[in-house]
Amino acid sequence: MSAGTTRVRSVPSLAVHNREKASRGTLTVTTAVVEKVAARVAAQSEGFGAPTSSLFGSGSRADFDRGPKVSAVLTGHAADLEVEVAVGYPAPVQDQCDDLRARLTAQVPKLSGVEIGTIDILVSRVVKVSTTKEVS
């Protein structure tokens, strides 16, 4: 999923089947659920926030109290994720993104029942984080 492409959600939901539990029915997990679960996992990861912009759309701002923006595309029995984040500087961006990808890969299937295909991480803002400590 690259910038400028149109995202088509050809599969609005994904049925998760377990042969042992088949006699009880099916569980359908929608795209929105996968997105919310992934957004929650990303929000709980240290050093990431939601990219924001100023009134006129310029500037480098981030809201570290809000989670990153996540979109998902369900195909077959897997979800492909695109995560847009703001990263605090000075932190090693590659290492942070690798950690986020590992957390998403491990936790989203556990929480949603949907396997993860690809995870594209778009770092749209790098924001200097204040390192001053409050003295009491």
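Predicted model: local features only at pLDDT ≥ 70, side-chain atom pairs only at ≥ 80, totals over all residues.
Residues are numbered from 1 along each chain as its sequence is written, and side-chain values use heavy atoms, without hydrogens or water. Local features need pLDDT of at least 70 and side-chain atom pairs count only at pLDDT 80 or more, while totals for chains, interfaces and linings use all residues.

**Exercise 1. Work out the order of helices and strands along the chain.**

Start with the inventory: two helices and seven strands. Helices (H or I, at least four residues) and strands (E, at least two) are DSSP runs, numbered from the N terminus. Now read along the sequence, and the pattern is β-β-α-β-β-β-β-α-β.

**Exercise 2. Find the residues that touch the most other members of the largest nonpolar core.**

First, the terms: such a core joins buried Ala, Val, Leu, Ile, Met, Phe, Trp, Tyr and Cys residues through side-chain atoms within 4.5 Å. Buried means under 20% relative accessible area, exposed over 50%, partly exposed in between (1.4 Å probe, protein chains only). Next, among the core's 23 residues, pick out Val34, Leu81, Leu100, Leu104 and Val108. Finally, two or more core residues come from each of α1 (31-43), β5 (69-75), β6 (78-89), α2 (93-112) and β7 (115-128).

**Exercise 3. Is Tyr89 buried or partly exposed?**

Begin by locating Tyr89 in strand β6. Then take its relative accessible area, 48%, which means that Tyr89 is partly exposed.
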